[in-house]
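Please keep the structure at hand while you read.

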Amino acid sequence: MGFIKNFSSLASTPDREKILTLVEAGLRAIQPEQVVKKQVVLHNTFLRIQENTYNLTQFERIFLVGIGKGSGSIASILENILGEHLTDGYVIDNVRQTMFHHIRFTLGTHPLPSETNIAFTKNVLQKLNHLSEKDLVLVVVCGGGSAIFEAPARIDLKTVIHTFKELLNSGAAISEINVVRKHLSLVKGGNFAKHLYPATIVSLLFSDVPGNDISVIASGPTVKDEKTVQDAIAILQKYHITSVSEKDLIETPKEDKYFAHVSNLIMVSNMTAIKAINEKAKSLDFLPRIFSDRVEGGAKTIGRKLIDETKKGELLISGGETTVHVSGKGRGGRNQEVVLGGLPYVGNDTIIVSWDSDGIDFDTFSGAIGDKNTVKKAQSLGLDGQEFLANDNALVFFEKTGDGILTGKLESNVSDLFLVYKK
């Protein structure tokens, strides 16, 4: 059984079936078990992570911290690899995990932080206090960690939530949002690395960020931050965010010593999925072209841009993360908006698909597929796609046409993925 639960109903034409098979291939390539076991190997007392090897006998204690969407399943795999070498572990995910022997698991919230998230973070800071050079800390960092791993510096939770909502609805890019988040937090922007100093830190990064800027993934808890309080202020002013001001911001650590023994390793990204789709597409006789792994821009307009970029007879493959400036009161999802915004331009020869790799595009669906059949169904139902788009109500549109992609929450999270096929 594949990942798409409604595969049969969506695969109403041979071309649709092949396109959905490519979606399956992309999702399969980024699942944690496959990713981790390829790159993390323990042989006797030597732990190899990618090209780096650690002699575990050189450490008195080994800790594991997992944060973000999908970190639970990844931590479980790592716990089984480490076995008796693991001293203690703490993991917070927004999907419940029970496959642990020693790790303490917390079910957190996303996309907004909560008292549970903050309590978990403060507990980790307390438990991993006063570490030494003889300690090794493995940190699993996944997308969503900005909200899930949080310890506000100078503001209360209510203000944090209000600020996050303002930023998420402002149309700001994720990189801009995270600049502000870093300067409001005791664990972001390298602050967590400073807290763990002088331990050896190995961060396993499961990137959901277009372009894989490691300082942006979960707001870079173990990455030296080049941005300043003044950068954060400029973003607050640019998007007219008024819930916090300069007095609420703190500077992130700039001293090199806190990062001298930190390794930040990208384990998986949207390019992992893109390459897998590209190879599968060749086997299905498509003419694939990888366009970009860092597509950004307004969700309502990206669909048309990707369609315009696609040549006749070509399959365009790309990934990234669009933004939504919320103006309506409907039930949206940026991937569904990408497809809905592209529908007027599909004609008789184009299929467009956009989906979130973690299985949830804000609510219910992971994304949507659109083609001439979608347009015909909408017309027969009397649906005005542009009206739904203007009201940020793409989810309801695709509920009615039956073209929403349903996977449920998945253990992967590498940003959004886009396919356009033009016959």
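## Aspartate 371

Is aspartate 371 buried or exposed? Bear in mind that this is a predicted model. Aspartate 371 has a relative accessibility of 4%, and it counts as buried because that value is under the 20% cut-off.

In the chain, aspartate 371 sits in the loop between β13 (367-370) and α14. Its side chain makes a polar contact with the side chain of arginine 16, at 2.8 Å. Beyond the neighbours within four places in sequence, aspartate 371 is in contact with Arg16, Leu343, Val346, Thr350 and Ile351.

## Helix α14 and its ends

Aspartate 371 also caps the N-terminal end of helix α14 (residues 372-380), with a side-chain oxygen 3.0 Å from the backbone nitrogen of asparagine 373. Just after α14 comes glycine 382, with a positive phi of about 70°.

Strands β1 (residues 40-43) and β2 (residues 46-49) run antiparallel and are joined by 4 bridges.

## Nonpolar cores

The largest nonpolar core holds 57 residues; Ile19, Ile49, Phe206, Leu315, Val353 and Leu419 touch the most other members. Helix α4 (residues 71-82) provides the largest share of this core, 6 residues. Apart from this core lies another, of 30 residues, including Ile92, Phe149, Ala193 and Val216.

Definitions and conventions
Residues are numbered from 1 along each chain as its sequence is written. This is a predicted model: local features need pLDDT of at least 70, side-chain atom pairs count only at pLDDT 80 or more; totals for chains, interfaces and linings use all residues. Side-chain values use heavy atoms; hydrogens and water are left out. Two strands pair if DSSP finds at least two bridges between them. Helices (H or I, at least four residues) and strands (E, at least two) are DSSP runs, numbered from the N terminus. A polar contact is a pair of N or O atoms within 3.5 Å; within protein, one must be able to donate a hydrogen and the other to accept it, and residues adjacent in sequence count only if both atoms are side-chain atoms. Buried means under 20% relative accessible area, exposed over 50%, partly exposed in between (1.4 Å probe, protein chains only). Contact means heavy atoms within 4.5 Å. A nonpolar core is a set of buried Ala, Val, Leu, Ile, Met, Phe, Trp, Tyr and Cys residues joined through side-chain atoms within 4.5 Å.
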